[in-house]
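Trainee: Before we look at single residues, could you show me how to read a fold and then the surroundings of a side chain?

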Amino acid sequence: STNTTSDLEADARFAVEDANTRFYAAFRSGSAAAMAAAWGDGDHVQVVHPGGGCIAGRGAVLESWAIVTGGVGLDIGLRDVRVLAPPGSPIAVVTCLELVDVGDARGRNVATNVFEWQADEDEEGGGGSEGKGVAAVVGGPGGAWKLVLHHASPSPRPVMRPAQGRL
């Protein structure tokens, strides 16, 4: 059977959406192992937590998540999830609104997650460090979508429009 362009687009979108789901499941659980499995390899891996600066490098990023979750996870919901995953591209982007509830604090963050197709360690080309991960066919066997950038910023409440449609 021949895949059409729309089939390939759907396959890429679903695969990236699944990787994004795994990241947020790790976030909710607080599991260091699940969080490590969601993130890619390489010095280009970065995170910007709400109100914070850029943290670069896989090790530093994973350490920051251990501090954020405290190993217990957080109650987080997602709204308005949008996936951009062009077929054959080694990079995909997910944007969403995070609804975070931490004890007496609640927040809304606008998040951008950038995923990179990275080859498995035992595949030719090695791990995903510095772009080597594209050695495996994007979306094919021998690799996976891994998070390489998560940037979340506080989001103000949406502007409510009066019934007459004026601001």
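Mentor: Helices (H or I, at least four residues) and strands (E, at least two) are DSSP runs, numbered from the N terminus. This is a predicted model, in which local features need pLDDT of at least 70 and side-chain atom pairs count only at pLDDT 80 or more, while totals for chains, interfaces and linings use all residues. Residues are numbered from 1 along each chain as its sequence is written, and side-chain values use heavy atoms, with hydrogens and water left out.

Trainee: How many helices and strands does the protein have, and in which pattern do they follow along the sequence?

Mentor: The secondary structure comes to 3 helices and 6 strands, and along the sequence the pattern reads α-α-β-β-α-β-β-β-β.

Trainee: Where is Asn-20 placed, and is Asn-20 buried or exposed?

Mentor: Buried means under 20% relative accessible area, exposed over 50%, and partly exposed in between (1.4 Å probe, protein chains only). Asn-20 lies in helix H1, residues 5-29, and it counts as buried because its relative accessibility is 2%. For the protein as a whole, buried residues make up 35% of the 167 residues.

Trainee: Which residues does Asn-20 touch, and which side chain does it join in a polar contact?

Mentor: Contact means heavy atoms within 4.5 Å; leaving aside residues up to four places away in sequence, Asn-20 touches Leu-78, Val-81, Val-94, Asn-113 and Phe-115. A polar contact is a pair of N or O atoms within 3.5 Å, where, within protein, one must be able to donate a hydrogen and the other to accept it, and residues adjacent in sequence count only if both atoms are side-chain atoms. Such a contact, of 2.9 Å, joins the side chains of Asn-20 and Asn-113.

Trainee: What is there to read at Asp-80?

Mentor: Asp-80, which lies in strand S3 (residues 75-84), has a positive phi of about 50° although it is not a glycine. With a relative accessible area of 48%, Asp-80 is partly exposed.

Trainee: Where is Pro-141 found, and how far apart in space are Pro-141 and Asp-120?

Mentor: Pro-141 is found in the loop between strand S5 (105-119) and strand S6 (143-154), and it is exposed because its relative accessible area is 77%. Although Pro-141 and Asp-120 are 21 residues apart in sequence, they are 9.0 Å apart in space, C-alpha to C-alpha.
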